[in-house]
Amino acid sequence: PFFGAMGCASALIFANLGSAYGSAKAGVGVAQLGLMAPEKIMRAIVPVVMAGILGIYGLIVALLILGDIDSGVSKEGVPQYGAFQGYIHFGAGLTAGMASLAAGLTIGIVGDTSVRAYAR
């Protein structure tokens, strides 16, 4: 179950890191927009919402992985949750987490730049 739990944790951690960075970076642009053109703020909040959704994606993947982890043993003494399933869950969690991290970085940078350009 170790690798399955690591997949669960990596999906949650990396997705929320990307979500936090994207929200913070795009939020700086929205704050700048609030100083330059306060009437345009509601249209510019889209990158912040998009970055926030990445954390929810990580939570969903982590819960799906966690639901499949089984630490039980069959009557013959064979573990119900083998190494293969652990590696699969680790790979799935790492993939979802890193994809959300990269998307959060991208949303943050592009969102900040586009919101600042929208202010002009």
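Axes here are lines fitted to C-alpha atoms, for helices over the stretch in contact, and the angle between two of them runs from 0 to 180 degrees between N-to-C directions. With that in hand, welcome to this predicted model. Helices H1 and H4 have axes that come within 7 Å and cross at roughly 5°. Angles under 35 degrees count as roughly parallel, so H1 and H4 are roughly parallel to each other. The points below start with how the helices pack and then visit a few residues one by one.

**How the helices pack**

- Two packed helices are described by the angle between their axes and the distance between the axes.
- Where H1 meets H4, the contact has 22 nonpolar, 14 polar and three charged residues.
- H1 also packs with H3, at an angle of about 175° and with the axes 7 Å apart. Because angles over 145 degrees count as roughly antiparallel, H1 and H3 are roughly antiparallel to each other.
- The residues in the contact of H1 with H3 divide into 15 nonpolar, ten polar and no charged.
- Helix H3, residues 46–68, packs with helix H4, residues 83–119, at an angle of about 175°, and their axes are 9 Å apart. That angle makes H3 roughly antiparallel to H4.
- On the H3 side, the contact with H4 is made by Pro 47, Met 50, Ala 51, Leu 54, Val 61, Ile 65 and Asp 68. On the H4 side, the residues include His 89, Ala 92, Gly 93, Ala 96, Ser 100 and Ala 103, and also Gly 104, Ile 107, Gly 111 and Val 115.
- Sorted by class, this contact of H3 with H4 has eleven nonpolar, five polar and one charged residues.

**A look along helix H3**

- How does the span of H3 agree with 1.5 Å a residue? The 23 residues of H3 should span 33 Å, and the end C-alpha atoms are 34 Å apart, which agrees.
- The buried residues in H3 include Pro 47, Ala 51, Leu 54 and Gly 55, along with Gly 58, Ala 62 and Ile 65.
- An α-helix has 3.6 residues a turn, so residues three or four places apart point the same way.
- Among the elements that cover the buried residues of H3 are helix H1 (2–36), helix H2 (41–44) and H4.

- Ser 19 lies in helix H1. With a relative accessible area of 9%, Ser 19 is buried, because buried means under 20%.
- The side chain of Ser 19 reaches the backbone oxygen of Ala 51 at 2.8 Å.
- Leaving out residues up to four places away in sequence, Ser 19 touches Ala 51, Gly 52, Leu 54 and Gly 55.
- Gly 22 is another residue of helix H1. Is Gly 22 buried or exposed? At 0% relative accessibility, Gly 22 counts as buried.
- Gly 22 and Gly 108 are 86 residues apart along the chain, with their C-alpha atoms separated by 3.8 Å.
- Residues up to four places away in sequence aside, Gly 22 touches Ala 51, Gly 104 and Gly 108.

- Asp 112 has its place in helix H4, and at 9% relative accessibility Asp 112 counts as buried.
- Which backbone atom lies 3.2 Å from a polar atom of the Asp 112 side chain? The backbone nitrogen of Gly 29 does.
- Not counting residues up to four places away in sequence, Asp 112 touches Lys 25, Ala 26, Val 28, Gly 29 and Ile 107.

- Arg 43 is found in helix H2. At 65% relative accessibility Arg 43 counts as exposed, since exposed means over 50%.
- The C-alpha atoms of Arg 43 and Arg 116 are separated by 12 Å, while the two residues are 73 residues apart along the chain.
- Pro 79 is found in the loop between H3 and H4, and at 52% relative accessibility Pro 79 counts as exposed.
- Pro 79 and Pro 1 are 78 residues apart in sequence and 9.8 Å apart in space, C-alpha to C-alpha.
- Apart from its neighbours within four places in sequence, Pro 79 is in contact with Gly 72 and Val 73.

Definitions and conventions. Residues numbered from 1 in each chain as written. Predicted model: local features only at pLDDT ≥ 70, side-chain atom pairs only at ≥ 80, totals over all residues. Heavy atoms only, no water. Helix = DSSP H or I, 4+ residues; strand = E, 2+ residues; numbered from the N terminus. Parallel < 35°, antiparallel > 145°, perpendicular 65-115°, else oblique. Contact = heavy atoms within 4.5 Å. Nonpolar A, V, L, I, M, F, W, Y, C, P; charged D, E, K, R; others polar. Expected span 1.5 Å × (residues − 1). Buried < 20%, exposed > 50% of the residue type's maximum accessible area, 1.4 Å probe, protein only. Polar contact = N/O pair within 3.5 Å; in protein donor to acceptor, adjacent residues only side chain to side chain.
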